[in-house]
Amino acid sequence: GLVELLIALVLSLVLTMGIIEVFLGSKQAYRTQDALSRVQENGRFAMEELSRNIRMAGFQGCGSLDVVNTNVLASSLPGSSTFSAQDAVRGYQYGSSSFNPTYVGSTEPSPLPGTDVISISRADDCGDYLSAAMSTDNALTVEGKCTFTSGDPVIITDCTSADLFMPIVTSGVNLAVDPTANTSSRLSRLYGSDARVYRFLQLDYYIRQNSFGEPALFKRENGVESELVEGVENFQVLYGEDTAGSDFFVDEYNTAPSISGWDKVCSVRPVLSFRSKEGNITLDNNPLRQDMTSTIGIRNRLP
């Protein structure tokens, strides 16, 4: 009868509402998990990129910058325009319109106010050998394991000496010292066939707004900018400094303006703040946020 029909309708409504509630809860859980996965994926990628290059700061083959001073011939290097223990890794805090400490280099990145910038100088992991001992001090031939281009800085080293210069590259393996882009057209010595040849990298990492108006982590490699990860709201860096002496053990972590000597920095602790691209993820209808950090030792500074 009518009573039974009304009861059935009420029960159906209750069941339908329950099913809808379960569906909405499952959908929200899926959206939250998906957003968290994307944030964590971006975080892992960004930390891997930073860790790999910070760890190798100051790398120039088999001799560290504290032992082998690089003879810098290149007159227009990106970044600090040199390569030394003081410049292998440097940090900066960006205020509303300026850096503290003052950015070292001919061009400055454009980060978001209140965020940090870290600059790293190192040789590329890809190392090439000379195909034969040098017969003149202004030209060399490599085996062709790496890709060199004209105007791309190059380091040659044999563990006792090192030269950093701008090359003119022909046939991919023949490198000559460019007389117009270096302070001298001659290297400091004739290198033997055991010398290694590397690309030189000067890297800046910072966050700024991308073309879509979203905060993102950017990298400048030898002056060429590229976007790495979207959704990075903040970038802060602490530097582990050996303040007690020269035992190469971290005594305290400081911000960039408080570092007394960059050649005493033995480790770096970056903190990246990520947010999900999707809104209405959390209970307060905001994007999901997560901070990620890591402590990275600089191999060329550790005992």
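Strand β8 (residues 167–170) and β9 run antiparallel and are joined by four bridges; strands, like helices, are DSSP runs numbered from the N terminus (strands E, at least two residues; helices H or I, at least four), and two strands pair if DSSP finds at least two bridges between them. In this predicted model, local features need pLDDT of at least 70 and side-chain atom pairs count only at pLDDT 80 or more, while totals for chains, interfaces and linings use all residues. Residues are numbered from 1 along each chain as its sequence is written, and side-chain values use heavy atoms, with hydrogens and water left out.

Ile168 has Ala176 as its bridge partner in β9. The two strands β8 and β9 form a hairpin with three residues between them, and Ser171 in the turn has a positive phi of about 60°. Strand β5 (residues 139–141) also pairs with β9, in the antiparallel sense over three bridges; Leu140 is bridged to Leu175 there.

Buried means under 20% relative accessible area, exposed over 50%, and partly exposed in between (1.4 Å probe, protein chains only).

## Nonpolar cores

A nonpolar core is a set of buried Ala, Val, Leu, Ile, Met, Phe, Trp, Tyr and Cys residues joined through side-chain atoms within 4.5 Å. The largest one has 29 residues, of which Ile118, Tyr239 and Val268 touch the most other members. At least two residues each come from α1 (2–55), β4 (116–129), β10 (196–209), β13 (232–241) and β15 (265–275). Helix α1 supplies the largest share, five residues. Apart from this core lies another of 17 residues, including Phe148, Leu175, Val177 and Tyr191.

## Salt bridges

The structure holds 16 salt bridges, each a side-chain nitrogen of Lys or Arg within 4 Å of a carboxyl oxygen of Asp or Glu. One of them joins Asp124 to Arg199, with the closest N and O atoms 3.0 Å apart. This pair links strand β4 to strand β10, 75 residues apart, and both residues are buried.

Arg220 forms a salt bridge with Asp204, the closest N and O atoms being 2.8 Å apart. Arg220 is buried, with a relative accessible area of 10%, and Asp204 is buried at 0%.
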